[in-house]
Amino acid sequence: KFEAYLRAHPHGRQTPEALYGSGKLYFGLYGYSRRSTDLKQASSRLKRIVRDFPKSRFADDAQYLLGEIYLKYRKDPDRAYVEFFKVVMNYPRGDMRAKAKARLAELEARRGRLTSSVAELPEVPKLSIPATRQLHRVTDIRHWSAPDYTRVVIDVEDQVRFASHLLRPDPKLKTPPRLYLDLTGAALSPSLEEDIPIGDGLLRKVRVGQYTPSVVRVVLDIDSIDHYKIFSLSDPFRVVIDVTGVSARKPVVVHRGKGSKLSLAQQLGLSVRRVVIDPGHGGKDPGAMGPGHVQEKKIVLAIAKKLREKLARELHLETVLTRDHDVFLPLEERTAMANTKKADLFISIHTNANRDRRVYGIATYILNVAVDADAAQLAAMENATSAKRISDLEKILNDLMLNAKINESTRLAHEVQKGLIQKLKKKFSKIKDLGVKQAPFYVLIGAQMPCILVETSFISNPREARRLSDPAYQDAIAAGIAQGIRSYIEQIETAGGRFLAAE
């Protein structure tokens with residue numbers, strides 16, 4: 001009867017009760033049948049309550065029964081300890097809290113620990129970090145994959161300390177190589193899946209668990225990787241893990257034979273075939289606002305679409321937009337898209353803003369530490385974070401192995417800036433060249449190709465705000481960027497010729 005109700009009302013008022021009744025019956029049935037399918041049925045129904053109905057009065061009962069499954073039937077006291085701990089942590093007012101604390105005390109004693117600290121477990125457990133500091137939930141783990149690149153992002157409610165360790169494979173235990181992170185001062189969200197399959201050739205899966213009452217451990221089971229880097233972004237806080245395979249590093253192989261059909265730039269791995277265009281902001285993030293309620297997100301999307309058409313028609317390039325409509329995308333997802341699409345160039349398009357409405361002009365940015373206060377403030381605005389966070393980010397930039405593409409990004413930025421100024425000056429007056437600058441933009445971090453961020457004009461300036469809304473001005477901006485990309489391609493073709501001549 002419980003199952004019949006669930007089929008008829010998968011999201012009904014009594015669905016949590018039906019799930020719990022069904023799960024509890026399967027739990028009891030396993031005591032007689034010993035069939036693994038019965039235990040799996042019990043677990044799946046109980047986990048669904050915890051995940052989909054966390055505010056239900058049955059959620060803490062389901063969480064407690066999951067602990068009993070691991071303790072009584074799966075003979076896994078460590079996992080049972082974590083499940084019971086979730087009852088205390090996530091349901092401090094639930095009627096199962098006392099039973100869960102008793103189980104924790106029992107398991108503590110069984111493991112030879114002091115029982116008093118668990119018996120007196122407060123609303124937030126005592127930590128190895130300062131007692132005044134609250135635990136922050138790990139709310140989600142996201143990933144994007146390609147055969148030779150994977151980005152994993154761990155979302156946390158607020159800033160926590162983290163440390164990583166790489167473990168070699170153990171043939172005796174038949175365990176793969178593993179990369180794991182310990183997030184200190186963190187608690188696992190009850191809605192988060194504990195095993196996240198990936199299977200992209202680099203990573204088998206991601207596992208996550210409450211390793212201790214104040215530490216969440218995230219484990220990446222590895223198939224084959226060449227390199228990895230880990231860094232954090234703020235507001236909201238997240239930890240980013242970029243994993244690359246051997247084939248992600250393009251080797252230089254020069255074919256000298258007359259029969260070679262590859263261009264010189266292609267032979268050097270410098271050719272441009274695919275460009276990812278990133279219209280900034282979108283969805284719930286309108287970006288900067290100009291006079292007359294002009295929104296950055298709408299302006300840059302229009303420019304991006306025009307640029308896509310010009311690159312395809314005039315340069316015969318394959319183009320990909322990170323978004324082609326009004327949708328929100330996290331900054332780290334945009335870079336991940338460029339990497340997974342194996343883009344040869346990444347162009348992020350924005351409009352600038354300043355409190356002083358008289359400020360105007362066009363600038364193109366590359367990723368690096370900010371050299372002046374204005375650049376740092378702009379990066380803070382585009383990253384939707386504080387100037388203090390930007391200062392913290394600059395301290396770790398040198399550890400992110402970004403310099404490999406700095407030179408090519410600089411060359412691309414200068415050509416695009418030159419193209420913009422030339423095209424705009426032909427049709428419009430008072431075009432101010434602010435030059436090529438550098439700042440630590442989140443959206444460019446981890447890009448595996450030359451990447452730039454174009455601040456097309458100041459939407460805060462009344463004259464430039466009117467122009468940005470003009471399709472003719474948008475078209476001129478797109479033409480200028482396209483001209484810059486054309487010049488950049490011609491330069492690397494010439495560089496390829498000089499390289500072969502020198503050889």
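Buried here means under 20% relative accessible area. The model shown in these close-ups is predicted.

**View 1. Helix H4, mostly covered.** H4 covers residues 59-73. Of its 15 residues, 14 are buried. At 1.5 Å a residue, H4 should span 21 Å, and its end C-alpha atoms are 21 Å apart, so expectation and model agree. Just after H4 comes Lys 75, with a positive phi of about 55°.

**View 2. Helix H4 against helix H5.** H5 runs over residues 77-90. The two axes come within 8 Å and cross at roughly 165°. Angles over 145 degrees count as roughly antiparallel, so H4 and H5 are roughly antiparallel to each other. Their crossing is left-handed. On the H4 side, the contact is made by Asp 60, Gln 63, Tyr 64, Leu 66, Gly 67, Glu 68, Tyr 70 and Leu 71. H5 meets them with Arg 79, Ala 80, Glu 83, Phe 84, Lys 86 and Val 87. By class, this contact has seven nonpolar, five charged and two polar residues.

**View 3. Helix H2 against helix H3.** H2 spans residues 15-33 and H3 spans residues 36-52. They pack at an angle of about 155°, with axes 8 Å apart. H2 and H3 are therefore roughly antiparallel to each other. H2 passes H3 in a left-handed crossing. H2 brings Thr 15, Pro 16, Leu 19, Tyr 20, Ser 22, Gly 23, Tyr 26, Phe 27, Leu 29, Tyr 30 and Ser 33 to the contact. From H3 come Ser 36, Asp 38, Leu 39, Gln 41, Ala 42, Arg 45, Leu 46, Arg 48 and Ile 49. The residues of this contact divide into eleven nonpolar, six polar and three charged.

**View 4. Arg 463 and its contacts.** Arg 463 sits in helix H14, residues 462-468. Its relative accessibility is 22%, so Arg 463 counts as partly exposed. Neighbours within four places in sequence are left aside here; beyond them, Arg 463 is in contact with Tyr 360 and Lys 430. Tyr 360 lies 103 residues away along the chain from Arg 463. The C-alpha atoms of Arg 463 and Tyr 360 are separated by 8.7 Å.

Methods
Residues are numbered from 1 along each chain as its sequence is written. This is a predicted model: local features need pLDDT of at least 70, side-chain atom pairs count only at pLDDT 80 or more; totals for chains, interfaces and linings use all residues. Side-chain values use heavy atoms; hydrogens and water are left out. Axes are lines fitted to C-alpha atoms, for helices over the stretch in contact, and angles run from 0 to 180 degrees between N-to-C directions. Helices (H or I, at least four residues) and strands (E, at least two) are DSSP runs, numbered from the N terminus. Angles under 35 degrees count as roughly parallel, over 145 as roughly antiparallel, 65 to 115 as roughly perpendicular and the rest as oblique. A crossing is left-handed if the near helix is turned anticlockwise from the far one by less than a right angle, and right-handed if clockwise. Contact means heavy atoms within 4.5 Å. Ala, Val, Leu, Ile, Met, Phe, Trp, Tyr, Cys and Pro count as nonpolar, Asp, Glu, Lys and Arg as charged, and the others, Gly among them, as polar. Buried means under 20% relative accessible area, exposed over 50%, partly exposed in between (1.4 Å probe, protein chains only). The expected span of a helix is 1.5 Å times one less than its number of residues.
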